[in-house]
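Q: I am new to this structure. Please show me how to read a few of its features.

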Amino acid sequence: PAPANAAPLSWDQAVVLARQNNPDLKSAALSVESAESSYKGTFSDYFPQISASGGYTKSRSGGVTSNDHSYSLSAQQSIFSGFRTWASQSHARTQKDVAGADFSLTASQTLFDLRSAFVNLLYTQENLALLEKIRARREDNLRLIELRYQAGRENRGSLLRSRAQLSQAKFEVDSAKRELRTVQKRLSSIINAPDFEVNTVTGSFQTASKDSAPDFESLILRTPSYQKAARQLKLSQSAVVTARSDFFPSISVSGSGRRRGDEFPPETDSWSVGASASYAIFSGNRTHYNVQQSKLERSRASQNLVSVRRSLEVSLEDAFLKLQDAAGQAQVQSEFLDAAQERASIARAQYTNGLVTFQDWDIIEGDLISAQKQNLSALRASALSEANWQLSIGAGFQ
């Protein structure tokens, strides 16, 4: 196994490592490069196609040996292809844009996975530290109750309950330690850095303030999902042009030159130039149905774009509202925690002096522990809601 790193991993370091090593990002980037090469290859259709050949043949017939030397050069240039060349280039350019949108989708999903794993590991660390404090608090409470029990000021039921609470606290600590290893591996797998294994992370659950609603319309147009759907519509439009090209003639010009003879270099010249045009008069209605099919695909892509836009209108607003709710809930839980800490401090002093019963003190202690756990959970939920919001708008590795 790879050695664990002693220094805690920060969020900025995690982003850098994931951007450099995540296999999904690398695969999507290679797809973009492949589409870029394919697009550049379409420019060749605007240039003449030139070829050269040469040959030598030695033969013997009827006691006579003959030699044949030859070389030639030919060129052909397409003048008009029924707009097929233009449509092919437009298709390749749009495919490149689709690959770019796919890369943005992959980047935003990878960033969401990375942020979620980072937040979960941070939460697990903080939760383990909290559970250790709760265990220590339960041990102190048990010692206090044992002293009061030995002095005849507390009953055996309270003593047994306090012991059970300590056992529960120890179990939660052990469970959190087991969970910690799983969460560490999850973050390490997303980063995928060679010889790097995540041990601890450092950071906070702090989220950016989102008091006012953003411009959802402009956000929709910039999301990778909408961009991909829009480019798929453009792909279908170029497919219609390609299908219609069979209704037009194809025109090209060509030329060639050749030398041939018994001796090398050969001296006998021959050359030719010409132009050709072809037109498919009847293809068994194949062209008609190809055009019809491409138009139907264009209509389907258009409806898909509308569907994606409507879906984004709902999902973006829903993600923003959940982000606001999570941030508000975190603030409320923080206030509850402050109140629970103050009550527990007062109740502990009162119980020590015999001013409150064990039942009342136990309830207040339980409220404190519950408030501590709920506050930490609310902080995590707020951070995860922000990560989901970033995913919804298609934010990637900036």
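A: Start with exposure. A residue counts as buried under 20% relative accessible area, as exposed over 50%, and as partly exposed in between. Asp367 has 35% relative accessibility, so Asp367 counts as partly exposed. Keep in mind that this is a predicted model.

Q: Which residue meets Asp367 in a salt bridge?

A: Side chains of opposite charge can pair when their charged atoms come close. Here the partner is Arg343, at 3.5 Å, N to O. This pair links distant parts of the chain: Arg343 sits in helix H7 and Asp367 in helix H8, 24 residues apart. Arg343 is partly exposed too, at 42%.

Q: How many salt bridges does a search of the whole structure find?

A: The search finds 16. One of them joins Arg135 and Glu132, at 2.4 Å, N to O. Both lie in helix H3, three residues apart, so about one helical turn separates them. Another joins Arg309 and Glu217, at 2.5 Å, N to O. Arg309 is in helix H7 and Glu217 in helix H5, 92 residues apart.

Q: Which residues are linked with Arg309 in a network of salt bridges?

A: The network links Arg309 with Glu217, Arg310 and Glu313.

Q: Now cavities. How many of 30 Å³ or more does the search find?

A: It finds one. Helix H8 gives the most to the lining, with four residues.

Q: What classes of residue make up that lining?

A: Three are nonpolar, two polar and three charged.

Technical notes. Residues numbered from 1 in each chain as written. Predicted model: local features only at pLDDT ≥ 70, side-chain atom pairs only at ≥ 80, totals over all residues. Heavy atoms only, no water. 1 Å grid on protein atoms, 1.4 Å probe; cavity = no way out; pocket = protein on both sides within 12 Å on 5 of 7 lines; lining within 4 Å. Points joined across faces, edges and corners; volume = space filled by probe spheres on them. Helix = DSSP H or I, 4+ residues; strand = E, 2+ residues; numbered from the N terminus. Nonpolar A, V, L, I, M, F, W, Y, C, P; charged D, E, K, R; others polar. Salt bridge = Lys/Arg side-chain N within 4 Å of Asp/Glu carboxyl O. Buried < 20%, exposed > 50% of the residue type's maximum accessible area, 1.4 Å probe, protein only.
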